[in-house]
Amino acid sequence: MTQLILSGDDQLTVPVVISIAEGLGYTATTPSEGSIKLERGSLQKTLWLGAMAGKGFHISFTFAIGVDQYGNTWLRFDEKGGLGAVKGGAIGYAKSKAAFDEFIAAVRAQTSERGILIGEQ
C-alpha cells in the first residue's frame, strides 16, 4: 500500500489527481464517499480478447481519500485492491501492475513538481 499526503484539503487536491489520471487516459468516478475509481480501456474488448486487447485493455482501480488532522489530504493506493479482478491471466496482471505503477509514479512526480506533495507512507 502507498499513501501520499498532499498539502491542502481534498477540494483542492483531488481535482489535481483526477487531472493527472485523465492525462494518462483514465476516467474518474466517485463510487462512494471517500474514494475515487479510475478506469480506462474497454471491459467488453478485454473480456473477449484478454491481454491481447492491446491499448483497449481495461484497467480499473480505486483509491481512498481522506483529510488528516492538519487539513491535508491523504491518498491511499492499495495495489492488491487495484489488481484484484485482473483479466487476461499473467500478461493481464503484468499490464495492470505496470499501469498502476505508472499512475502512482505520475501522481508522485506531478504533485511534487507542483509543490503539494508533503509526505509518503
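Helices in this talk are DSSP runs of H or I with at least four residues, strands are runs of E with at least two, and both are numbered from the N terminus.

Before that, a word on what you are looking at. This is a predicted model, in which local features need pLDDT of at least 70 and side-chain atom pairs count only at pLDDT 80 or more, while totals for chains, interfaces and linings use all residues. Residues are numbered from 1 along each chain as its sequence is written, and side-chain values use heavy atoms, with hydrogens and water left out.

Let me begin with a pair of helices. Two packed helices are described by the angle between their axes and the distance between the axes. Here the axes are lines fitted to C-alpha atoms, for helices over the stretch in contact, and the angles run from 0 to 180 degrees between N-to-C directions. On that basis helix α1, residues 10-23, packs against helix α4, residues 89-113, at an angle of about 130°, and their axes are 10 Å apart. If angles under 35 degrees count as roughly parallel, over 145 as roughly antiparallel, 65 to 115 as roughly perpendicular and the rest as oblique, then α1 and α4 are therefore oblique to each other.

Which residues in α1 and α4 meet? On the α1 side they are V16, V17, I20 and A21, and on the α4 side F103, A106, V107, Q110 and T111, where contact means heavy atoms within 4.5 Å. Sorted by class, the contact of α1 with α4 has seven nonpolar, two polar and no charged residues. For that sorting, Ala, Val, Leu, Ile, Met, Phe, Trp, Tyr, Cys and Pro count as nonpolar, Asp, Glu, Lys and Arg as charged, and the others, Gly among them, as polar.

Now to the aromatic rings. Rings of Phe, Tyr and Trp (its six-membered ring) pair if their centres lie within 6.5 Å, and planes under 30 degrees apart count as stacked, over 60 as edge-to-face and the rest as tilted. By this rule the count comes to seven aromatic pairs. One of them joins Y26 and F61, which are edge-to-face at 5.6 Å centre to centre, with 70° between the planes. Y26 lies in the loop between α1 and β2 (27-32) and F61 in strand β4 (residues 59-67), so the pair ties together parts that are 35 residues apart in sequence. Y26 is buried, with a relative accessible area of 3%, and F61 is buried, also with a relative accessible area of 3%; buried means under 20% relative accessible area, exposed over 50%, and partly exposed in between, using a 1.4 Å probe and protein chains only.

The rings of F77 and F103 have their centres 5.8 Å apart and their planes at 70°, so this pair is edge-to-face. F77 belongs to strand β5 (residues 73-77) and F103 to helix α4, so the pair ties together parts that are 26 residues apart in sequence. Both F77 and F103 are buried, and ring pairs link Y26, F61, F63, F77, F100 and F103 into a cluster.

Leaving aside neighbours within four places in sequence, L75 is in contact with T2, Q3, L4, L6, V17, F63, A64, I65 and V107.

V14, in helix α1, counts as buried at 11% relative accessibility, and beyond its neighbours within four places in sequence V14 is in contact with I36 and I65.

Finally, as promised, H58 is buried, with a relative accessible area of 7%, and H58 and G92 are 34 residues apart in sequence and 9.2 Å apart in space, C-alpha to C-alpha. I91, in helix α4, is partly exposed, with a relative accessible area of 45%.
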